[in-house]
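Grab a pencil and try these exercises on the structure shown here. Each task comes with a solution that goes step by step.

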Amino acid sequence: MTVVDLQRVPSSAPQTNGKVVNNFSFVVATANGTGSQTSNNTLIRTLFKMGIPVNGKNLFPSNIKGEPTWYYMRLSKDGYLAHRPVAEVLVAFNERTFAQDVAKLPPGGVLIYPIDDTDARAPKWNVQTIKRDDIYIYRMPVDTLMNQLPEKPNPSIREYLANMVYVGVMAYLFNIDMDGIRDALSYHFGGKEKLINLNFGLVQMSYDWAAENLKKEDPYVCEPMEGTFPEGTLLTDGNSAGGLGAVFGGVQFVSWYPITPSSSLAESAQEYLGKYRVNEDGSHTYSVIQAEDELAAIGMAIGAGWAGARAMTGTSGPGISLMAEFVGLAYYAEIPVVIWDVQRVGPSTGLPTRTSQGDLLFAYTLGHGDTHHIVLLPKDPTECFEFGWRAFDYAEQFQTPVFVLSDLDIGMNMHITERFQYPDQPMNRGKVLDAKALSEFIEKHGKWGRYWDVDGDGIPYRTLPGTDHPMAAYFTRGTGHDEFAAYSEDAEVFERNLTRIARKFQTVRKSLPAPVLHSMDGASIGIISYGSNDPAIEETRDYLAAQDIKSDYLRIKALPLHADVEAFIQRFDRVYVVENNFDGQMTQIIRMELPHLAARLKKVCRLNGLPLDADWITEQIVKAEKES
Amino acid sequence: MGRTKTNALGLTKEDYKFRPSTLCPGCGHNSISNQIISVTFEESLDQTHIIKMSGIGCSSKSPAYFLGRSHAFNAVHGRMPSVTTGAVMANRTLRAISVSGDGDSGNIGLGQFKHVIRRNLPMVYIIENNGVYGLTKGQFSATADRGQKTKYAGYNELPAVDLCIEALAANATFVARSFSGDAKQVQAILKAALAHNGTAVVDIISPCVTFNDLDTSTKSYHWGKNHREILNEIGFIQSQEEIAVEYEPGTAQPVQMHDGSWIVLKKLGADHDPTDRVSAFRVLHEAQERQEIVTGIIYIDPSRPTLVETEHLPETPLVHLPETQIRPAPSVLEQALQGMFAF
């Protein structure tokens, strides 16, 4: 049957012996709620342990059970960890999408699907005939294998367990390490022997069946690699990392409302707090409250921040919309609070289970009136951990809300990521006066005012409620106020206050993480990007360089913009700003803040719910360069 | 020359005041502020450990008129309860005196009102209830009576939300109602509320002299002559462990307001058992049907755990924990990383 055209296999790498080694993608098509996540996690963990650079992108529906789900795993011997929308190997486990999934396979691709019994050729479901004579096909008698299990599985887990069949068949066909699979299952089931044996037993049985009954014809194989990542490199998701980071940031109060894709952030914080922050007498050094809505979640966090606790909330776009009024209050009343936005696709409910960078502009200026906020932009779980603790330092130092803008891709997908580093500096609790310090302040300055800037950096001193001093109290309000927190509608007082807050943000600008520069000799263009786009940009630069377009890349890590951004843009006639939203929001921010450089910026942006991929970015830049 | 009276902290009543009120002269809210001043002074409460919390509206401005040595937080409309929740969780030694209004708690903030009660956050939750929006010039709030007319908003077609019934339905552990003109009862209820460990809901009918002064409103000065019933005295005794509230049998008594009008108050009599939730509902429903206002402590349950307990907070307030207690050691990070999937 098969016509194999290796030229069509989209690999830049030279092939050896007709084999494609560690340079292709798997996609597993299932229905959600069938338990395929355990199988998919097992596969990606095993591939990672084999030393193969691999990513996993779970494209899942906003649904509990039965809707189509795809899990992409890209193996890249060259270390490219960005999403790639094409997969050469399809495990077609979903009746509903079978036809479209098979149609999408590139020529020379591989199709694996379940059949009723060993002799059947048709899928176990009643699907229309699909004609492809340019792909390799392997069939799995899933039910037959299931029936051979020594113990008949509980009907409730039968469907879930069936996913282990493709793990075993894939292990044989693509040379995936069986010991690694056992280890990954052991990790997944927390060492529970019974579950490990049940699952691995089926994997082994399926492997053995495949070895006996399937003839390997396709060229795709996995081989262990040496020295790809340092020992201790992690495979984890950004939400777990951010939650753990918050724990090491000394978080004392978390309030949140469930929303995809951020729920697992608060849940991770709660889990780690329960492990590491409980006193011997059982009391907690924290409080986590699941609020009635995002309005309450942010209100609680602000109340806790005002009272002196390290407080955070986690949400996604719709929750950010609800928080707008309160965030404006926290900005103007100058209350520290950390807000995680694990972005998903808007507008409105949008694509609630797909990734985007669409909240950048909104978060940056959230609130009515003239507001602007500190926004941290992690690129991967390691930076989620770091910003997880560092965000509290910024919030308390500058007495203002701090956003951490993650996204669904970073937050919910597993990434190969550097080992987390313990905080390299003690906590910065900012300018807080206790009773003694307040007395000293008053002695030195004659008086104290909550919004009185004596240092010239725009940052005043605050007292906490409960300070045992007759002069410590002040009135916190969102209405106009003077240096001493008294209500004022005076024009001059109001302007003076806004000017002082603007001065504070000049201090902020100098203190946030500087952008990261990646240079190349002879660079003729600049690329600016941020967050989860990072691996796609790195890959793009290689592809561009292969076409003789050399580039320097500046990754922005925070807003407001660092001075380095201006210096970078000035070096190039054309700077491509690459982002995962429809309007090019970072482009707009840079144009607003650096209007004299606006003409040099070129937008490269799209929003389709998927992480950006290097082929598309390369195509856009090459096209634009030809036109310029 | 008589010596100025001082309390156990050596402070005068003057020390418990703050700025002069900017509300309308004669506003019921001002008398409530005065009762807060009296009670906190008499009880010798430490102002530095009180926080004054409010939302938005006429009522929510009033924390500027009492307790100048307490931190205050004037939040956003309807969302004072969430801010109070965060503040009290952060520092459990803070005693929250929160002031809200009927629009703030019955309309925009009904959700937060009920949820904070459900969590039983330790706080005194005062609603200065007049059935209208004052700052926006007299629109009806959700607590306005059906059939009520006002000068500016016209006729109210919708039934009233009774915040005491809502509080009870949310499993409140302390529900009281009073009338701003009844200084003695307001003070007694405030003392009991301050002593309650949990959310103490104190709904105080507080007539709006500007926008809700027509005879048809139960929250007006004019409603009352024919509905009037005598109120009991609330004796308040604070013991080490528990709150005891004494009731005398209810008798009817007209309450004449400064403008010569009347309001109907029915004070709960000896037959009302404030620990009986069903009976509390019944009393409120019956009063609602008769368009009367029952006053007194309607329900109390000191046994339900507060949010401080359900959150397992340590004795030391969270904000006083040192860095060593809130940032785990490097070895703990190693332990956490070992639990992750690593190369």
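**Exercise 1.** Find Gly232(A): in which loop is its place, and which residues does it touch?

*Solution.* Start with the chain: Gly232(A) sits in the loop between strand S8 (220-221) and strand S9 (234-237) of chain A. Helices (H or I, at least four residues) and strands (E, at least two) are DSSP runs, numbered from the N terminus. One thing to keep in mind from here on: this is a predicted model, where local features need pLDDT of at least 70 and side-chain atom pairs count only at pLDDT 80 or more, while totals for chains, interfaces and linings use all residues. Residues are numbered from 1 along each chain as its sequence is written, chains are lettered from A and ligands numbered from 1 in the order in which they are written, and side-chain values use heavy atoms, with hydrogens and water left out.

Next, look for partners. Leaving out residues up to four places away in sequence, Gly232(A) touches Arg419(A), Ala342(B) and Phe343(B); contact means heavy atoms within 4.5 Å. Gly232(A) and Arg419(A) are 187 residues apart in sequence, yet their C-alpha atoms are 5.8 Å apart in space.

**Exercise 2.** Follow Arg419(A) to chain B: which side chain meets it in a salt bridge?

*Solution.* The partner is Glu334(B), at 3.0 Å, N to O. A salt bridge is a side-chain nitrogen of Lys or Arg within 4 Å of a carboxyl oxygen of Asp or Glu. Between chain B and chain A the count is 3 salt bridges. On the side of chain B that touches chain A, the elements giving two or more residues include helix H10 (323-326) and helix H11 (330-338) of chain B. That side divides into 32 nonpolar, 18 polar and 8 charged residues. Here Ala, Val, Leu, Ile, Met, Phe, Trp, Tyr, Cys and Pro count as nonpolar, Asp, Glu, Lys and Arg as charged, and the others, Gly among them, as polar.

**Exercise 3.** How many residues of chain B are in contact with chain A, and which three supply more of the buried area than any other three?

*Solution.* Count first: 58 residues of chain B are in contact with 80 residues of chain A. Now the trio: Arg327(B), Phe341(B) and Phe343(B) supply 18% of the area that chain B buries against chain A, more than any other three residues. The whole buried area between the two chains is about 5700 Å², with 65% from carbon and sulfur atoms. Buried area is the accessible area (1.4 Å probe) that two parts lose on being put together, summed over both.
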